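Trainee: I have a two-chain model open and would like to learn how to read it. Could you walk me through it?

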Amino acid sequence: MILTKAQYEEIAQCLVSVPPTRQSLRKLKQRFPSQSQATLLSIFSQEYQKHIKRTHAKHHTSEAIETYYQRYLSGVVKDGAAPVLLELANEMDYAPSLMARIILERFLQEHEETPPSKSVINSMLRDPSQIPDGVLANQVYQCIVNDCCYGPLVDCIKHAIGHEHEVLLRDLLLEKNLSFLDEDQLRAKGYDKTPDFILQVPVAVEGHIIHWIESKASFGDECSHHAYLHDQFWSYWNRFGPGLVIYWYGFIQELDCNRERGILLKASFPTDIVTLCHSISSS
Amino acid sequence: MASPPGAEVCKRSGRCSGRSASGSPLPDRTGHLAAEPADPARVSSRQRQRLRLVALVYSAVMAENLVPNLFLELYFVLQLLTARRMVATGDSHPDPGPGAPDSVGSPLFRNVHDCVFFAVQVLERQLQVLSYLDKGTLKLLAENERLLCFSPALQSRLRAAYEGSVAKVSLAMPHSAQAVSFQPETDNRANFSSDRAFHTFKKQRDVFYEVLREWEDHHEEPGWDFEKGLGSRIRAMMGQLSAACSHSHFVRLFQKQLLQMCQDPGGAAGVVLGEAPDVLSMLGADKLGRLRRLQERLLAPQSSGGPCPPPTFPGCQGFFRDFILSASSFQFNQHLMDSLSLKIQELNGLTLPQPEPSEDEGESDVDWQVRQNGGERRQFAVVMLSLRLLAKFLGFVAFLPYRGPEPPPTRELQDSILALRSQVPPVLDVRALLQQGLQARRAVLTVPWLVEFLSLADHIVPLLDYYRSIFGLLLHLHRSLVLSEESEGGMCFLNKLLLLAVLGWLFQIPTVPEDLFFLEEGQADGLEVDIEASGRGLDSVPVVDQHLLYTCCPYIGELRKLLASWVSGSSGRSGGFVRKITPTTTTGLGARLPQTIQGLQAQLAQAFFHNQPPSLRRTVEFVAERIGSNCVKHIKATLVADLVCQAESLLQEQLVSPGQKEGDPAQLLESLCSQLCPHGAQALSQAREFCQKKSPGAVRALLPEETPAAVLSSAENIAVGLATEKACTWLSANITALIRREVKAAVSRALRVQGPEPAARGERRGCSRASSLAVCAAISPLPQPQPQPQHDSSSLCSCPHQDVLALAAGPRDPEEGVSPEHVEQLLGQLSQMLQCRQYLCPPAEQHLAKCSVELASLLVADQVPVLGPPAQHQLERGQARRFLNMLLSLWKDDFQVPVPLQLLLSPRNMGLLAATRPRQWDLLLFLLRELVEQGLMGRAQIEACLGSLREAQWPEDISKELATLFSLFLAEPHIPEPQLRARELVQPNRGTVLAQS
């Protein structure tokens, strides 16, 4: 779904201070019925992440942590079965999974002799059964499953989506008989930067030469696109020449401005592919 | 010798235009004055005689190359031809009356008629040179009305020359920057001393291109400044280049990019010249003016700046110059000079096409033509333009510390500077290269780049003995390039014209002393090179065409601009219709073939080649090099890949065999390598076989059909030998290391796939299946044939999974819930996806496994909120049991990763059950029994879980119920009777009853 900047901003506008829950997503879908769920979720997630990046620091001051922890404690004393932690996160306008991490970390500091390592905390968040306190385990679990933007479950889903689109792209390339080297093969050869696929014989898409293809199972907004340009796409260009980026969940139209320079954006696998003809008789 | 008259005139018109030697009238070319008509009848007969005589002498001096710059003289002559009128200066002499004797001191040109008459007289004698100019210039000359008026004969000859000329210069598209491609052979980790150096260079490459792109975007904006915009970033980047090896990597990138972008001296900006009418006539007269204004705007900055411009860095070259200046890094400059010098020597020594002295002239001609059409001339142009570019930058960097904006040092200072400088060795022994070039009759290749190098020298350089001798040689060469002398085996006309043009330009550069040309006569004796010696070299091959001439010497285009401005009526250099030259692309500069031949066989092979055409040798060496290299690649893809597969299966055996404690990965690797590396010895025999099989065919395909059989078979054998030697040398040195590296990669890949939890490893048969699948995928990049894949994937499944789990965990809105159909659909999708496996990756599958266990816990605890009539908020128990059965079959048959079933009995999930009122244990008991019966969990395992559950702190009633559950589970016969289970099914509350009892 290719959106104009104005269309995108209209959606982003609706996402200011909205908690990252399935209810919010449902409302968004009702508001923009013509957009696909995946596109909306991707935009939602990116906007929410921007919001969290901006406000992250204020939730991590020692005063804030202490306040949250005390509120959590008094909440569960009153009713351990109530969604104390989740409601606290929503009230503080912070991601439930991240709030759960703050409280868990604080809890462990209090109950263990040594400060908990990151890996211990991550492992407990992945599997709350490992949390020594049953009530906290339930509270944390509730936060994680109710957060559609952060948390181990969401990370895994995102990873799976990315992977499956790479597989999809690979199948399409095979179907079109385009020979390529994939990321693993490139890495094995010692390439320092590796797009998802490098075409062994370049093709032309909409009149532009393409040497490589990168699959992005997300929506291309300004912020993520610029980060990708800087960290990945230009690096690929610097090594392999012009290439194609597929944002499967769409992108902001105005960002497709480097076509002449050698970075082409598409929201799906291109249909207009011109391959090199093998007739040498003419030359 | 004294300055010849032509040079005197030239200096006046070119360098010191406007300076009047005496008070004589001057030709004026300013545009606002209407041109005065010129009339041959108004040249007096006495004046005619005098002008004719001077023209004769002047032409003779030009013909003998006694003027420093031929084209400057032609420019002067064309200026006379297109003079608008004479303006009197100071005490102008009146026309001497008829009969008055012409004193030597009286002015030669008294009026426009004199000027034009003289110009035409000279042009008549320069017809040969003129006819080699580009078609556009010829057309303008042929259409010049003054020329027609003064010499119809010359005009018709020029027209004929125009019509016969093929020296068209084509329009070109501006090309945008292309990056230097990443080549694993030179750029991967193995080429760096440390990981850090490798990653630093990775970043540097990206910063370099970022800077380049920014320059492309901004350098034409007014007010943009390179140093201000990019300087600090460039220096920060250069600052990271600590290791010497990184410097050489960066310099290689820099140099390659330089060659790629700037081979055409104009770079993307292009050189401006060409033939006006054919493009312009298409546009119509009214658009002409607009087009010209547009062109002036676009191209004015690239104007070549008069007939003798100082050296500049047009177009993209400016980026590289400014980069060097901003970087201001001593190390970078030194590495750059090293690299440029090496590349210059390499290209300068390249074997370029030479006419083959053959007994059969006809065949030789055909051969030459074929190669010429096939791009041999272009290859020369590519090599020569690359050399000029590299030499220019070498000169720029080498003389950078000595060059400044200040005027040349005074005589007094010179001596001490000379003493200092004369003991500094030259950056590259250009004198030796020049001498070799002259001896080998390759001046047409060597001199143009040497001129570029010298053009960036500082004022002191021409005074140093070493460089003085070079200038001496160049002067000697210049004098010898007489255009009218065309001898068999001598230098071709355009080759000479190119050398005259570049040398003439060099002699006019401000840093070269003005009097050098006239004073150095006869000083090159000590270095006399036998230039006259007969024998064929590159010089006698027609490698230069007009395109190359104008590309190297854009200032020759000033002649055309001058004529065009006369036509358009405007003045100066704004006139002239300008076009671009096709940029020459960089393609294979023909890397030098490595000379690794040794021993008697090698000597015999050398002898064999001695009497064969050079193309045969090139072909054989080429084939050997390629086949040898392909052979190594083939061994990697077959033998080494097989060994890696063996390593993988050995590894699997070690990992799954019971009781085999997982060893240290390093030890594991060692044991694998010691088993597999000996097999590497097969590589050599396989390599021999490969080269033996592949080389002869390649040689046969590339050599002429008519090659004698004996020659052919020898060539084939040599190619086989060379290819085998190349491949075996490499393999015997590297095969073991190669196998080790690949096996190591495979081992770490396999260990990664195995996952981080060694305890879980080998727990279920699914584990070995999963890893064998991963190994299989690692071996073959293509997916295995699969059931018809639907794009029905893990994410489509995980998202609703999360929703169900979130709904169950609450909090939920009153209207929220799951329909039993939805759960069923979800489980169906999950099963489908697990069977298809197309889009699965291990982490996703692991998560799904965990989610499915969570779902089972919710079902057991009756915590799935069901949509439906308000009275019935819970799942019907029969349905729950059906779902559990579906899950059991998923776990049993579909999941290939370990399913964390023990989570069912984790205190947290047990807490879910404990929280329900009334509590019902029957589903859990059912599930546990089924797990055991279907072999998903061992009894002992469940007992252990239940045991540890009982240790946790529970309210008393739950503890009691747990105890009952435990004893009930224990009491169950190992193979429960079906009747018993059936009975349970119809007694949904038995669990509760049981717990209450």
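**Burial, backbone and interface**

Mentor: Let's start with Asn65(B), which counts as buried at 3% relative accessibility (buried is under 20% relative accessible area, exposed over 50%, partly exposed in between, with a 1.4 Å probe and protein chains only). This is a predicted model, where local features need pLDDT of at least 70 and side-chain atom pairs count only at pLDDT 80 or more, while totals for chains, interfaces and linings use all residues. Residues are numbered from 1 along each chain as its sequence is written, chains are lettered from A and ligands numbered from 1 in the order written, and side-chain values use heavy atoms, leaving out hydrogens and water.

Trainee: What is the phi of Asn65(B)?

Mentor: Phi is near 55°, a positive value in a residue other than glycine. Asn177(A) also has a positive phi, near 65°, but Asn177(A) is exposed, with a relative accessible area of 70%.

Trainee: How many residues does each chain bring to the contact?

Mentor: Contact means heavy atoms within 4.5 Å. Here chain A gives 49 residues and chain B gives 52. On the side of chain A that touches chain B, 23 residues are nonpolar, 13 polar and 13 charged (Ala, Val, Leu, Ile, Met, Phe, Trp, Tyr, Cys and Pro count as nonpolar; Asp, Glu, Lys and Arg as charged; the others, Gly among them, as polar).

Trainee: How many salt bridges cross the interface of chain A and chain B?

Mentor: A salt bridge is a side-chain nitrogen of Lys or Arg within 4 Å of a carboxyl oxygen of Asp or Glu. The rule finds three across this interface. Asp206(B) forms a salt bridge with Arg239(A), their closest N and O atoms being 2.8 Å apart.
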